[in-house]
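Thanks for coming, everyone. I'll walk you through one structure today. Please take a look at it first.

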Amino acid sequence: MLKLWKWYQNCLAVHPVKTQVISSGLIWGAGDIAAQAVTHYTAKAHATMDEDDNKEFKINWKRVSTTSLFGLGFVGPVGHYWYEGLDRYIRLKLMLKPNSFRFVATKVAVDGFIFGPLDLLVFFTYMGFSAGKSVPQIKEDVKRDFLPAFVLEGGIWPIVQVVNFRFIPVRYQLLYVNFFCLLDSCFLSWVEQQQDAPWKQWLKSLLPLK
């Protein structure tokens, strides 16, 4: 593991963007496999006697490749420049002292209210198009899933990002986030599977989307 970590550090120093892109693609692909397992066994647990609840779990490699492409094409490159740019802006433009309370709090707030919603919007839209859905269908999916996901993630990601922005060097921040995206991928797949569940309707009633 130590040799692998040193190899990764060397790749990151020599080819930072390429390394972030490839590692993001691999991690998001692994996350989707885990998400498929969660979705399968959750559905199996709620299956009725009339349903085929003995169906074996098989990995949908097409979906894995689709999700990996999201990591490769969006999370990797955009995340790399986002964390680098966010750090420079707050240090050089806002002149906040690195690792101070205001420095970390500002990063968490900006990341949560700009990159977080953008990431969710792109994810749900991209997955909709990848599944062959029409634009009206994707709009309905986004209306159904965006707010519940944003609200629930809002209680988790700020804690993750406080640790990230306080203790993790900038060049490793995307890697740190991507590992948490293994869990996030499972969560988003679960949210999508819930469709029009009552708890979604309740959350949307707090902030109706027209």
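**A crossing of two helices**

Let's start with a packing detail: helix 4 and helix 6 pass each other in a right-handed crossing. Right-handed means that the near helix is turned clockwise from the far one by less than a right angle, and left-handed means anticlockwise. The contact involves Phe103, Val104, Lys107, Val108 and Asp111 on helix 4. On helix 6 it involves Pro158, Gln161, Val162, Phe165 and Arg166. Contact here means heavy atoms within 4.5 Å.

Now the geometry. Two packed helices are described by the angle between their axes and the distance between the axes. The axes of helix 4 (residues 101-130) and helix 6 (residues 157-167) come within 9 Å and cross at roughly 135 degrees. Helix 4 is therefore oblique to helix 6. The cut-offs are these: under 35 degrees is roughly parallel, over 145 roughly antiparallel, 65 to 115 roughly perpendicular, and the rest oblique. Axes are lines fitted to C-alpha atoms, for helices over the stretch in contact, with angles from 0 to 180 degrees between N-to-C directions.

A word on the source. This is a predicted model, where local features need pLDDT of at least 70, side-chain atom pairs count only at pLDDT 80 or more, and totals for chains, interfaces and linings use all residues. Residues are numbered from 1 along each chain as its sequence is written, and side-chain values use heavy atoms, with hydrogens and water left out.

**The whole chain**

What does the secondary structure of the chain come to? Eight helices and zero strands. Helices are DSSP runs (H or I, at least four residues), strands likewise (E, at least two), numbered from the N terminus. Of the 210 residues, 38% count as buried. Buried means under 20% relative accessible area, exposed over 50%, and partly exposed in between (1.4 Å probe, protein chains only). Take the contacts with a separation of 6 or more: residues 24 or more positions apart account for 73% of them.

UniProt, in an unreviewed entry, places "transmembrane region" at residues 64-83, 103-126 and 146-168. Those positions use the numbering used here, feature names are shortened, and annotations may be inferred rather than shown by experiment. Residues 103-126 are 100% helix and 0% strand, with end C-alpha atoms 33 Å apart. Residues 146-168 are 83% helix and 0% strand, and there the end C-alpha atoms are 29 Å apart.

**Some single residues**

Stay on helix 4 for Val122. Val122 is partly exposed, at 24% relative accessible area. Leaving out residues up to four places away in sequence, Val122 touches Phe70 and Phe74. Its C-alpha atom is 9.8 Å from that of Val142, 20 residues apart along the chain.

Next, the loop between helix 3 (61-93) and helix 4, where Met95 lies. Asn99 is found in that loop too. Most residues other than glycine have a negative phi. Met95 has a positive phi of about 55 degrees, and Asn99 a positive phi of about 70 degrees. Met95 counts as exposed, at 63%, while Asn99 is partly exposed, at 38%.

Over to helix 2 (residues 16-45), which holds His40. Is His40 buried or exposed? Buried, because its relative accessible area is 17%. His40 touches Lys55, Glu56 and Phe57, not counting residues up to four places away in sequence.

Last, the cysteines. Cys11 is buried at 18% relative accessibility, and Cys181 is buried at 6%. How many disulfides are there? Zero, taking a disulfide as a pair of cysteine sulfur atoms within 2.5 Å.
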